[in-house]
Amino acid sequence: MAGRPPDGSAGAAQQGMAALSLDGGNGQRPMEAVSSSSPPQPSSGRPSSAGGASGGGSGGSSRRTTASSQEEAGAGAGGGSPQAEATIRPQRDGVKVAALRSMSEMRVSKFNRLLEEQVVDLEALRELAWSGIPAGLRPTCWRLLLGYLPPNRERRTQILARKRREYRDMVPDYYDMAASGVDQMGEELGALRQVAVDVPRTAPGVAFFHQPQIQKSLERILYIWGIRHPASGYVQGINDLVTPFMAVFMSEHLGGPIEGWSVGGCSDDLLLDIEADCYWCLCKLLDGIQDHYTYAQPGIQRTVFHTQELVRRVEEPVAAHLEKEGLQFIQFAFRWVNCLLLREVPFPLAIRLWDTYLSEGSQLKDFLAYTLAAFLLSWSDQLRQLEFQELIMFLQRPPTAGWGEKDIELVLSRAYMWRASFKGAGAHFS
């Protein structure tokens, strides 16, 4: 069932949806009217928007979505109070700073009202969080969206203490024993060596993750997860998936931008509590996409195939050009899926992207293909001008260094609309 768009975005959502050419007669829904070069046009000074989407948590309820590029409250991974999140860049699409600040404060107030309830309405939180979460509220929201914290406020302290204690007990039982080399099988030692090789390669552009204490935390998290999940074990790429959790949960204790963070003043107990939260949230995330990492990685193969089919339906000339040049989607999109685009966009924008990922809940696997297609088609015109080698180099290092939150919002808005238009028309994936 289609969800309701956020207040004030109905016009833009309707305008975007009106552009879709749907034909249910043969079970397929061509989208000739929608292309990356002709995005939905803003309405009344607002960014492109989309109404709610199906799916979410296990309830599969509606999702409010909007490319809220004007709402800077959700930007960045750093800490800070909700009031600080209301600070907006002086110019944005010709809208006065005072108006933007007011909208941002109003958005923070909506989150605060939800989070102050005795029992948080998780579906309402998913709808609101889909369009970005204020940085100061992001740690609590992520824990709730993943089911790590219960919606009932009275139970949170007790459950958090218990889960952190459980993780503390795992460290000597799993990691310390393996690190000592005592009574360990070759397979377990091999897993530890692989983790030890991958951790220094994690988030190469973010110095925070290369501090010794953080490297050790990442190593413990990844090794323990792999040993406790033998169906897949540790696989390259999972190391990147820990970093958003580490940054967001650390932001509760370190202020300012992540470039200036140092854990030198943090106690061992605090670091271990953050490590525990990262471990359990990684477990929750990977529970929904574990077939991305089991033998032959069928989940990744399926998502890459779905992405290719979507591009063929939405922007056939691009798909035809890539095919003519002999470029296979697996050659560039495998890493996109494997790391959930973490290596393709600046890290603060990846944090914003994950607000939407976590809001999707059990529908994330489905939504990923639409997100990847929208991301690829951000360069529709350029791609048609490139030859094979140029395409490989371009797509392995997409030019996103200059992107801002508005660019990510546009990708997500397109992904939402394409999913809404194809809903129930599975033939385009056959």
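Helices, of at least four residues, and strands, of at least two, are DSSP runs numbered from the N terminus. On this basis the protein chain of the predicted model contains 17 helices and two strands. Of the 430 residues in the chain, 54% are buried. Contacts between residues at least 6 apart in sequence were also examined, and 74% of them join residues at least 24 apart. The accessible surface of the chain amounts to about 17,900 Å², and carbon and sulfur atoms account for 50% of that surface.

Helix α4 (residues 138–145) takes part in two of the helix contacts described here, one with α8 and one with α3. The axes of α4 and α8 (residues 238–250) come within 8 Å and cross at roughly 135°. Angles over 145 degrees count as roughly antiparallel and those from 65 to 115 as roughly perpendicular; α4 and α8 are therefore oblique to each other. Their crossing is left-handed. On the α4 side the contact is made by Arg 138, Pro 139, Trp 142 and Arg 143, and on the α8 side by Pro 244, Phe 245, Val 248 and Phe 249. Six of the residues in this contact are nonpolar, none is polar and two are charged.

The contact of α4 with helix α3 (residues 122–129) has an axis approach within 11 Å and a crossing angle of roughly 125°. The two helices are therefore oblique to each other, and the crossing of α3 and α4 is left-handed. Leu 122, Leu 125, Arg 126 and Ala 129 of α3 meet Cys 141, Leu 144 and Leu 145 of α4. By class, this contact comprises six nonpolar residues, no polar residues and one charged residue.

The crossing of α7 and α9 is right-handed. From α7, the contact involves Gln 213, Ser 217, Arg 220, Ile 221, Ile 224, Trp 225 and Arg 228; from α9, it involves Leu 271, Leu 272, Glu 275, Cys 278, Tyr 279, Leu 282, Cys 283 and Leu 286. The residues of the contact divide into 10 nonpolar, two polar and three charged. An α-helix has 3.6 residues a turn, so residues three or four places apart point the same way.

In helix α16 (residues 388–396), the buried residues are Leu 391, Ile 392, Phe 394 and Leu 395. The elements covering these residues include α11 (316–324), α12 (330–338), α14 (364–376) and α15 (380–383).

Most residues other than glycine have a negative phi. Ala 296, although not a glycine, has a positive phi of about 70°. Gln 297 also has a positive value, with phi near 50°. As to solvent exposure, residues over 50% relative accessible area count as exposed and those under 20% as buried. Ala 296, at 52% relative accessibility, therefore counts as exposed, whereas Gln 297, with a relative accessible area of 15%, is buried.

Note on methods
Residues are numbered from 1 along each chain as its sequence is written. This is a predicted model: local features need pLDDT of at least 70, side-chain atom pairs count only at pLDDT 80 or more; totals for chains, interfaces and linings use all residues. Side-chain values use heavy atoms; hydrogens and water are left out. Axes are lines fitted to C-alpha atoms, for helices over the stretch in contact, and angles run from 0 to 180 degrees between N-to-C directions. Angles under 35 degrees count as roughly parallel, over 145 as roughly antiparallel, 65 to 115 as roughly perpendicular and the rest as oblique. A crossing is left-handed if the near helix is turned anticlockwise from the far one by less than a right angle, and right-handed if clockwise. Contact means heavy atoms within 4.5 Å. Ala, Val, Leu, Ile, Met, Phe, Trp, Tyr, Cys and Pro count as nonpolar, Asp, Glu, Lys and Arg as charged, and the others, Gly among them, as polar. Buried means under 20% relative accessible area, exposed over 50%, partly exposed in between (1.4 Å probe, protein chains only). Accessible areas come from the Shrake-Rupley method with a 1.4 Å probe; for residues, only the protein chains shown count as cover.
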